[in-house]
Amino acid sequence: GEVIPVTEAPPATCQAITVRLCIDLPYRETILPNSLGHKTQHEAGLEMHQFAPLLKVECSPHMKPFLCSVYTPKCVSGKPQPPCRTLCEQARSGCAQLIRQSGVQWPESLKCESFTTESCEETGDSEGSQSQPDVEHASQLLVTRAGISQSRAPAVFPRQVQPGKDESTTCKPVTASFCQGVGYKTTLYPSGVLGFNLQQIGQIVQTACSPHVDILMCRVAMPECGSGNESRVKPCRALCEKVKKDCESTLRAKRLSWPTTLRCENLPQTDCIQGPPAPVTQAPSGTCQPITVPLCEDVSYANTVLPNILGHKSQEEAGLVINQFFPLIKVECSPQLKPFLCSVYIPKCVSGRPQPPCRTLCEQARSGCGRLMSKFGFPWPEALKCESFTTESCEEPLLINIPGTCQTKTAPFCRDLPYTEVFLPNGLGHKTQEETNLALNEILPLVELGCSAHLKPFLCSVHLPKCVSGKGLTPCRTLCEQARSGCEPLMNKFGIRWPENLKCEAFTTDSCEE
């Protein structure tokens, strides 16, 4: 392709490198702006940190030198040394397969064809001599750590239906009588999403013009709380079109009109709500029995009852099936996976009946492990489809309910916060403070930019949760939302998404302090 010359920056002053990822390079000084237009090392470091997972899995020994040559270029006679095209091609070649498996593309701004070979230095490195990284380990790191950014998916609702800025961010009970029994109990918008008239919605639902009219209308006017904007909690386009067709003559006869802000073509076609949640068959009242399946012996409850919702009549039978998930639990792709699986196969015994699985817990487990499973050709099991469950049995525990220990806080990042004892492993699966330090260092540039005073306390509450009565205090949802609100505009500017594993909707307000 055509070689695009790199525009040289005007003369400036060489400065010592401070970007953490680049401080151990053969050169010690850089100069800005770089070829991407970053004017400060803070700015360059913030964008560069999206590549940290690739550097950790070492898919190519050339990746780090190349990235640093772009973001913190070597200062030569008061000018930035242009990136080397050959180095770029070696880095891209080594990491291409892993990047492709992760569902992202090599950034257009780092296109190797944009660089020249004029600044390339002779090297004895041979790409072929490098051993290939362990793909499973690499995939796990890329799945479980926030890192490589992907472009945001477009909103599926039309603009008029988007929630108003002044809406509260606290889940509230669904109080509308016509939306009872639709599979969820809480919403962010008990008075209705901006653009919908609840009186009109209620009148349409009460006509019973279609078997699932209540599910469609309630889910668009008072969407389910706790799962953010993911399409799988929204009604499907096909459901909308069917209800609209079914109701056309009835609405005309009753002089009612279809909501102008509800346009079926803007609803998702997959991973969405197609009808009522599959009913959880209520097992006849039975006898609670101590859990004997080894995989579930350390969950937060001690007794189970069978048959479970999948029809297993004994713990031996359920245990044989749940053990197929042992490798997935072992790689710790989600701390929610084990509690979820046990809630399905070895359900909690409540008054002689099995407690139904929690949909939110399922979604958290699937979010953490689904991509890793698909990378190795295993889809999320149809029998464990989260849309089959409801949020009615979901608990919002104040304390992290996984086995662990309290220990004195030593991590420098969180040393100045007003508690001294922390609980590990945390909700992200980090088992040591050294592990949490590595994860926190990736976010350090964002903290240093001061986009939100709430960011550091929130990050510490997730990575090094306060120890209370031998358990970890769960992160505060409000604190998360304050941090995200302050920093997301800056992150968006650099094409970085708020990490999926720090999704505010996964936390509760129960642990929030005044």
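## A salt-bridge network

R219, E224, R359 and E363 are linked in a network of salt bridges, a salt bridge being a side-chain nitrogen of Lys or Arg within 4 Å of a carboxyl oxygen of Asp or Glu. This is a predicted model, in which local features need pLDDT of at least 70 and side-chain atom pairs count only at pLDDT 80 or more, while totals for chains, interfaces and linings use all residues. Residues are numbered from 1 along each chain as its sequence is written, and side-chain values use heavy atoms, with hydrogens and water left out.

Helix α7 covers residues 213-221 and is mostly covered, eight of its nine residues being buried. Helices (H or I, at least four residues) and strands (E, at least two) are DSSP runs, numbered from the N terminus.

The loop between α6 and α7 holds S210, which counts as buried at 6% relative accessibility. When its neighbours within four places in sequence are left aside, S210 is in contact, meaning heavy atoms within 4.5 Å, with K242, V243, D246 and C247.

## The largest nonpolar core

The largest nonpolar core has 34 residues, and those with the most contacts inside it are F178, L216, M217, W258 and L262. Such a core is a set of buried Ala, Val, Leu, Ile, Met, Phe, Trp, Tyr and Cys residues joined through side-chain atoms within 4.5 Å. Helices α6, α7 and α8 each supply at least two residues of this core, and its largest share, seven residues, comes from α7.

For L262, again leaving aside neighbours within four places in sequence, the contacts are F196, L216, M217, V220, C240 and L267.

## Disulfides

A disulfide is a covalent bond between the sulfur atoms of two cysteines. A search of the whole structure finds 17 disulfides, each identified as a pair of cysteine sulfur atoms within 2.5 Å. One of them is formed by C240 and C264, whose sulfur atoms are 2.0 Å apart. The torsion about the S-S bond of C240 and C264 is about -70°, so this disulfide is left-handed. The pair links distant parts of the chain, with C240 in helix α8 and C264 in the loop between α8 and β7 (289-290), 24 residues apart. C240 is buried, with a relative accessible area of 0%, and C264 is buried with a relative accessible area of 6%.

Another disulfide joins C59 and C95, their sulfur atoms 1.9 Å apart, and with 85° about the S-S bond this link is right-handed. It connects distant parts of the chain, C59 lying in the loop between α2 (52-57) and α3 (63-71) and C95 in helix α4 (residues 85-101), 36 residues apart. C414 and C460 also form a disulfide, their sulfur atoms 2.0 Å apart, and with -95° about the S-S bond the link of C414 and C460 is left-handed. This pair too links distant parts of the chain, C414 in the loop between β12 (405-408) and β13 (421-424) and C460 in helix α14 (residues 455-463), 46 residues apart. Both C59 and C95 are buried, as are both C414 and C460.

## Further salt bridges

By the rule given above, the count comes to 15 salt bridges. One of these is formed by K242 with D246, the closest N and O atoms being 2.8 Å apart. Because K242 and D246 are four residues apart in helix α8, they are separated by about one helical turn. K242 is partly exposed, with a relative accessible area of 43%, and D246 counts as partly exposed at 29% relative accessibility.

The side chains of E265 and R263 also meet in a salt bridge, at 4.0 Å from N to O, and R263 counts as partly exposed at 30% relative accessibility.

How values were computed: Buried means under 20% relative accessible area, exposed over 50%, partly exposed in between (1.4 Å probe, protein chains only).
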